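I opened my notebook to look up a few things in this structure.

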Amino acid sequence: MKRDHNHLQPNPDPSSLRGAPSTGKAKVWDEESAQQDCGMDELLAVLGYKVKTSDMAEVAQKLEQLEEVMCNVQDDGISHLASETVHYNPSDLSTWLESMLSELNPPSTFDPFGAAGTAAAALDDSFLVPAESSTLTTLDFDNINRKHQKSGQQIFEEASCSDYDLKAIPGKAIYSQKTQPQTHDSSSSSTPTNVKSEKRFKSTSGPPSPSDIFPPPPPPAAASYGIPTASTRPVVLVDSQENGIRLVHALMACAEAVQQNNLNLAEALVKQIGFLAISQAGAMRKVATYFAEALARRIYRFYPQNPLDHSFSDVLHMHFYETCPYLKFAHFTANQAILEAFEGKKRVHVIDFSMNQGMQWPALMQALALRVGGPPAFRLTGFGPPSHDNSDHLQEVGCKLAQFAKKIHVEFEYRGFVANSLADLDASMLDLRPSEVEAVAVNSVFELHKLLARPGAIDKVFSVVKQMKPELVTIVEQEANHNGPVFLDRFTESLHFYSTLFDSLEGSVSSQDKVMSEVYLGKQICNVVACEGVDRIERHESLTQWRNRLSTAGFSPVHLGSNAFKQASMLLALFAGGDGYGVEENNGCLMLGWHNRPLITTSAWKLTNKTTAISQ
Amino acid sequence: MNYGFLSSFFQKDLFLVLGFVFECLKERGMAGSNEVNLNECKTVVPLNTWVLISSFKLAYNLLRRPDGTFNRHLAEFLDRKVPANLNPVDGVFSFDVLIDRATGLLCRIYRPATAEEPEPNIVELEKPVVGDVVPVIIFFHGGSFAHSSANSAIYDTLCRRLVGICKAVVVSVNYRRAPENRYPCAYDDGWTAFKWVNSRSWLQSQKDSKVHIYLAGDSSGGNIAHHVAARAVESGIDVLGNILLNPMFGGQERTESEMRLDGKYFVTLRDRDWYWRAFLPEGENRDHPACNPFGPNGRSLEGIKFPKSLVVVAGLDLIQDWQLAYVEGLRKAGKEVKLLYMEQATIGFYLLPNNNHFHTVMDEISEFVGSDC
């Protein structure tokens with residue numbers, strides 16, 4: 001949104017570039033402890049705050065305590081809370097307040113500061129719980145943005161060049177490192193300095209205080225409380241409906257005719273749509289054309305050939321990656337969560353269900369390489385569909401990543417698996433190592449919804465994921481319900497969804513990228529509208545629906561915090577014509593939207609109950 | 001005629017005495033925060049209201065930086081938002097409209113679902129309103145010009161209520177905020193939204209094919225409503241009424257209520273000053289007419305067809321003297337104004353329906369708008 005982002009402050013506070021320590025590790029509060037009718041204060045719930053009536057007095061007390069402490073500390077203490085601390089899930093007032101109290105009041109049983117009073121001291125490593133939030137560099141985004149490359153190869157070569165030298169951070173790229181007091185002033189060209197004395201309240205995270213450690217709540221029930229129930233249908237009109245009203249009417253009427261199997265009428269309407277579309281401009285015309293084509297295919301039963309035509313998809317996918325921030329947002333936010341989950345682990349294994357050209361991984365590897373204490377050994381297992389030209393494209397991707405890893409000195413291991421469906425996967429194929437030895441993260445960007453086309457597939461995949469005993473599962477999905485039982489509803493929802501998406505592309509700088517992105521999205525439209533059964537793989541569902549599926553399957557939310565939010569917001573500012581983009585926090589998940597209409601959601605999950613993972 | 005205002009004179013004397021005592025007890029250098037005040041504050045509002053407003057206060061303290069800049073990212077992260085929803089909830093559905101691409105100005109439209117069409121057709125969101133007289137309320141959310149959005153949960157909830165009680169269409173304006181966008185951005189956005197609403201044929205009442213517009217807002221939104229109304233009537237467009245809830249006004253002088261209530265009920269003078277400094281053009285002081293419309297740099301409204309106003313003042317709001325002066329200014333210029341002085345009300349009382357002030361005010365608003373139908 002253009003509202004305020006022009007821009008932040010004249011002199012970026014260097015302390016804001018540092019990653020923030022917080023109380024203990026990445027927040028894993030089980031929001032499912034706030035179930036329906038669990039004595040939640042209804043009035044506050046409507047306003048987005050989950051507080052149990054029985055906890056109200058205690059929450060009030062925490063507020064008072066915080067007020068008191070904040071009066072006692074100097075202004076720096078407060079600014080620390082604002083710029084350093086990572087906040088999580090503000091809807092859970094009690095926990096949010098508690099985390100701030102812990103920041104301002106180090107636990108009394110432990111006094112690392114001793115004689116130093118409240119002044120920052122360089123803490124002995126042994127006292128520190130490895131604090132979580134390193135934050136990713138977005139340098140690679142800058143590079144990839146700046147250079148339009150048609151083939152995948154070059155992306156990695158660029159990424160490996162000395163642009164990663166942190167001493168010369170260009171423009172708006174952000175680098176931030178966690179607790180150890182190093183500062184990287186964006187304007188500075190000197191080597192990183194050590195403790196900056198202005199930072200009074202350093203890393204108070206220390207070892208987890210008793211209040212930080214909550215026993216995991218019992219497995220959650222299906223629904224989550226306080227989230228807009230069942231179906232919320234957000235719509236943004238980017239142009240007055242008066243303009244395209246006849247066109248939209250015709251589209252809807254045609255879809256209705258199709259649903260009623262009145263194919264003669266439908267055919268007549270499709271032709272009419274063609275004429276009406278010509279008189280429209282911009283996004284509306286293109287969207288209408290794609291939907292009309294999809295309707296025509298459905299009417300004439302001329303179904304699209306190969307939903308999995310891979311080589312062309314790759315090219316389209318990459319242009320989409322360049323043109324608009326959706327994929328970058330997805331990668332960025334997922335990587336942030338993975339980075340935090342891998343804190344302190346010496347060997348890590350990422351299992352990627354959405355390998356494509358592996359564009360998500362250089363940034364993560366880079367961040368791991370820069371980790372304090374050195375990078376872990378990094379193993380990557382990638383899944384992808386078979387390619388039509390018989391080339392082993394997954395292997396090629398792996399080789400490039402290996403070269404990159406070598407340049408940045410990260411021990412790297414790679415394996416690619418070709419599979420028509422993720423449901424073909426078995427844990428035994430993966431050569432999993434004991435979780436004490438190797439931490440696993442599972443990543444899925446726009447892949448899970450495809451499994452909904454076959455009965456049982458999603459459940460099989462969830463159960464296999466559980467067998468992997470992951471520290472974290474990151475999931476990015478479209479924020480829409482395009483999988484309802486009624487065709488007309490799916491049509492309507494997707495019409496608005498893709499209209500919004502296409503509108504966001506209009507501001508793109510490169511017209512070629514824009515066209516390719518539109519083709520990329522057009523294929524999805526075609527699938528949603530023209531296909532059925534196992535062929536209809538674009539079965540997008542909303543966050544609420546995914547939450548239900550995941551919690552039923554035995555997963556609990558891991559919250560993404562204010563640091564990821566901020567970095568994601570700043571990433572968006574890099575996109576020209578992108579003033580309409582905005583990030584929103586929703587009960588620990590992050591959503592990217594266009595003009596307040598959420599379009600994609602990143603969520604993170606862990607096993608609710610680790611010990612029973614094997615038996616599932 | 002509201003008699004509550006008169007009886008408050010006696011209350012005020014008592015407050016003065018108590019206030020003096022509390023002042024003596026204050027030891028810390030900071031405005032107003034000590035246990036006595038916290039307890040007192042808690043006794044006048046329900047506990048969940050206290051929790052809500054205190055949480056805002058806490059968050060807002062984190063967001064304002066001493067150098068006048070604002071932590072916008074953290075603000076957006078912390079703000080609880082809700083999406084628009086075409087599915088009617090309690091008979092009201094909503095959708096967002098981008099009304100000015102250049103500035104990214106969004107409005108959220110709230111409409112009542114009808115018996116004939118319980119499930120609004122996604123194609124017909126801009127279907128003509130049905131009725132001889134259909135009030136359209138243009139709402140400006142509060143937040144002292146810096147906080148909140150049209151899609152903030154607190155304001156989404158309030159707007160939905162207004163639809164119900166006024167049988168109106170509500171248009172909530174997502175105006176640009178300070179400090180990134182100073183005066184006159186918020187007013188310009190308000191004016192853009194006003195013109196847009198006024199030119200929608202689908203919002204016209206059947207009786208006279210005109211859009212029946214009311215302007216409403218709380219805190220900074222109330223301030224914006226006033227200024228947009230002034231601009232509207234200058235341009236010859238009718239506004240049927242202004243509804244100002246705890247409107248944000250101020251001035252260079254320190255008034256008695258400001259000194260007496262500083263820090264006592266969630267709000268401090270210091271933060272008020274911060275927000276004015278963030279909104280007003282650099283170098284201007286609080287006697288700028290945006291802040292102090294009837295002050296030394298203000299302009300009389302005599303002879304101008306300014307709409308009738310409903311002004312709600314909370315008796316525990318430290319800026320009430322300015323709000324009362326505003327009411328006086330309207331009266332002196334011969335404008336119709338009804339003052340609702342809610343003695344024991346604090347800021348934000350209208351956010352939760354758990355107190356009498358809330359219901360009183362909602363009834364008054366309903367009547368205020370209904371009286372034209």
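**Entry 1: a helix and its neighbours**

Which elements of chain A do the buried residues of helix 14 of chain A pack against? I keep in mind that this is a predicted model. I found strands 5 (439-445), 6 (472-478), 7 (555-558) and 10 (597-607) of chain A, along with helix 17 (543-553) of chain A.

Next I looked up which residues of the helix are buried. Helix 14 of chain A covers residues 457-467. I noted Ala457(A), Ile458(A), Val461(A), Phe462(A), Val464(A), Val465(A) and Lys466(A) as its buried residues. One reminder for myself: an α-helix has 3.6 residues a turn, so residues three or four places apart point the same way.

I then stepped just past the end of helix 14 of chain A. There Lys469(A) has a positive phi of about 50 degrees.

**Entry 2: where chain B meets chain A**

I looked up the contact between the chains. On chain B, 73 residues are in contact with 72 residues of chain A. The buried area between them is about 6,400 Å², and carbon and sulfur atoms give 61% of it. Which residues of chain B lose the most area to chain A? They are His73(B), Phe77(B) and Arg80(B), together 13% of what that side buries.

I found four salt bridges between chain B and chain A. Arg80(B) comes up again here: its side chain meets that of Glu585(A) in a salt bridge, at 2.7 Å from N to O.

Helix 3 of chain B gives the largest share of the side that touches chain A, with 13 residues. By class, that side of chain B has 32 nonpolar, 22 polar and 19 charged residues.

I also checked for strand pairing. Strand 1 of chain A (residues 236-237) is joined to strand 1 of chain B by two bridges, and the two run parallel. Leu237(A) stands opposite Val97(B).

**Entry 3: one threonine**

Is Thr333(A) buried or exposed? I found Thr333(A) in helix 11 (residues 326-341) of chain A. Thr333(A) is buried because its relative accessible area is 0%, and the cut-off for buried is under 20%.

What does Thr333(A) touch, leaving out residues up to four places away in sequence? I listed Leu560(A), Ala568(A), Leu590(A) and Thr602(A). A polar atom of the Thr333(A) side chain also lies 2.7 Å from the backbone oxygen of Phe329(A).

Last, I compared sequence with space. Thr333(A) and Thr601(A) are 268 residues apart in sequence, yet 9.6 Å apart from C-alpha to C-alpha.

Notes
Residues numbered from 1 in each chain as written. Chains lettered and ligands numbered in written order. Predicted model: local features only at pLDDT ≥ 70, side-chain atom pairs only at ≥ 80, totals over all residues. Heavy atoms only, no water. Buried < 20%, exposed > 50% of the residue type's maximum accessible area, 1.4 Å probe, protein only. Helix = DSSP H or I, 4+ residues; strand = E, 2+ residues; numbered from the N terminus. Contact = heavy atoms within 4.5 Å. Buried area = accessible area lost by both parts, 1.4 Å probe. Nonpolar A, V, L, I, M, F, W, Y, C, P; charged D, E, K, R; others polar. Pairing = 2+ DSSP bridges. Polar contact = N/O pair within 3.5 Å; in protein donor to acceptor, adjacent residues only side chain to side chain.
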